[in-house]
Every structure is written in structure tokens, then in C-alpha cells.
Amino acid sequence: MPTKTEAKIAAGQQNAKDAAKSVDSDIDELRNDLKALRGDLSKLLSDTGSYASAKSREGIERSKEWSDRAQQGVDEARTTVEDKVRENPLAAIGIAMGVGALLSYVSSRR
């Protein structure tokens with residue numbers, strides 16, 4: 001029959017084995033959690049890249065639309081000015097001279 005000391009040693013060894021199994025189980029669980037986290041991060045980065053790419057495409061399309069509208073406005077203004085100059089050539093020359101004189105006056109004062 002084992003003595004009290006031997007029984008305590010045996011119980012301690014059994015507790016150590018149980019603790020080691022528990023630690024091994026925890027480590028395996030932690031490894032699995034890390035693998036899942038790695039997968040989630042990879043998916044997040046992929047989704048973020050896709051989102052940024054889609055938003056940049058939307059921005060490019062919007063800027064193209066604005067550019068087209070601005071170009072149309074410039075073309076309309078140019079056509080209007082050309083028509084007015086053709087209708088009143090002397091007035092256009094007078095306006096051009098007035099603007100030129102004004103710019104000359106302003107630039108000479110500096």
C-alpha cells in the first residue's frame with residue numbers, strides 16, 4: 001500500500017498530466033482561432049480593396065460627367081460669343097479695346 005507521500009505524488013503527477021492535456025487543448029484551440037483570424041483578415045483586405053476600387057471607378061465616372069458638362073458649357077459660351085461678334089462686329093471691337101485698355105491700366109499701376 002502506498003504511503004501518504006506517494007499518494008500525494010501520484011495525485012500531483014495526475015494533476016500535472018491533466019493540466020498538460022488542458023494546455024495542449026488550449027493551444028490547439030488557439031491555433032484554430034489564429035487560422036480563422038488569418039482567414040478573416042485576408043477576406044477583409046480583399047473586400048476593402050474591392051470597395052476602394054469600386055469607389056474610385058465611381059469617382060472617375062463622376063469626374064468624366066462633370067468634365068463633359070463643363071466642355072458643353074464652354075462650347076455653348078464660345079458659340080454664343082461667336083454669334084454675337086458676327087452680329088455686331090464693331091461693338092465686339094469696341095469691347096475688346098475697352099477690356100484691353102482696362103487690363104493695361106490695371107497692370108501698369110502695379
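Author: Let's start with E87, which pairs with K84 in a salt bridge whose closest N and O atoms are 4.0 Å apart. The term here means a side-chain nitrogen of Lys or Arg within 4 Å of a carboxyl oxygen of Asp or Glu. Before going on, a word on the ground rules: this is a predicted model, where local features need pLDDT of at least 70 and side-chain atom pairs count only at pLDDT 80 or more, while totals for chains, interfaces and linings use all residues. Residues are numbered from 1 along each chain as its sequence is written, and side-chain values use heavy atoms, with hydrogens and water left out.

Back to the pair. E87 and K84 sit three residues apart in helix 1, about one turn of the helix. Helices are DSSP runs of H or I with at least four residues, strands are E runs with at least two, and both are numbered from the N terminus. As for cover, E87 counts as exposed at 53% relative accessibility. On that scale buried is under 20% relative accessible area, exposed is over 50%, and partly exposed is in between, using a 1.4 Å probe and protein chains only.

Side chains of opposite charge can pair when their charged atoms come close. Take R69 and E65: their side chains meet in a salt bridge at 4.0 Å, N to O. Both belong to helix 1 and are four residues apart, again about one turn. R69 is exposed, with a relative accessible area of 52%, whereas E65 is partly exposed at 42%. Then there's K55, bridged to E58 with 3.5 Å between the closest N and O atoms. These two are three residues apart in helix 1, so about one helical turn separates them. K55 is partly exposed at 40%, and so is E58 at 38%.

Now for the nonpolar side of things. L30 lies in helix 1, which runs over residues 4–87. Together with L34, L37, L41 and L44, L30 forms a nonpolar surface patch with about 460 Å² of accessible area. Patch members have over 30% relative accessible area and no salt bridge; like charges are joined within 9 Å, and nonpolar side chains (Val, Leu, Ile, Met, Phe, Trp, Tyr) within 5 Å.

From N32 to E65 is 33 residues along the chain and 50 Å between C-alpha atoms. R78, another helix 1 residue, is partly exposed with 46% relative accessible area. R78 and A20 are 58 residues apart in sequence, and their C-alpha atoms are 85 Å apart.

Zooming out, the protein has two helices and zero strands. Its radius of gyration is 42 Å, well over the 13 Å the globule rule gives for 110 residues, so the protein is more spread out than a compact globule. That radius is taken over C-alpha atoms, and the rule is 2.2 Å times the number of residues to the power 0.38. The C-alpha trace spans about 130 × 35 × 10 Å along its principal axes. Buried residues come to 0% of the 110.

Conventions. Accessible areas come from the Shrake-Rupley method with a 1.4 Å probe; for residues, only the protein chains shown count as cover.
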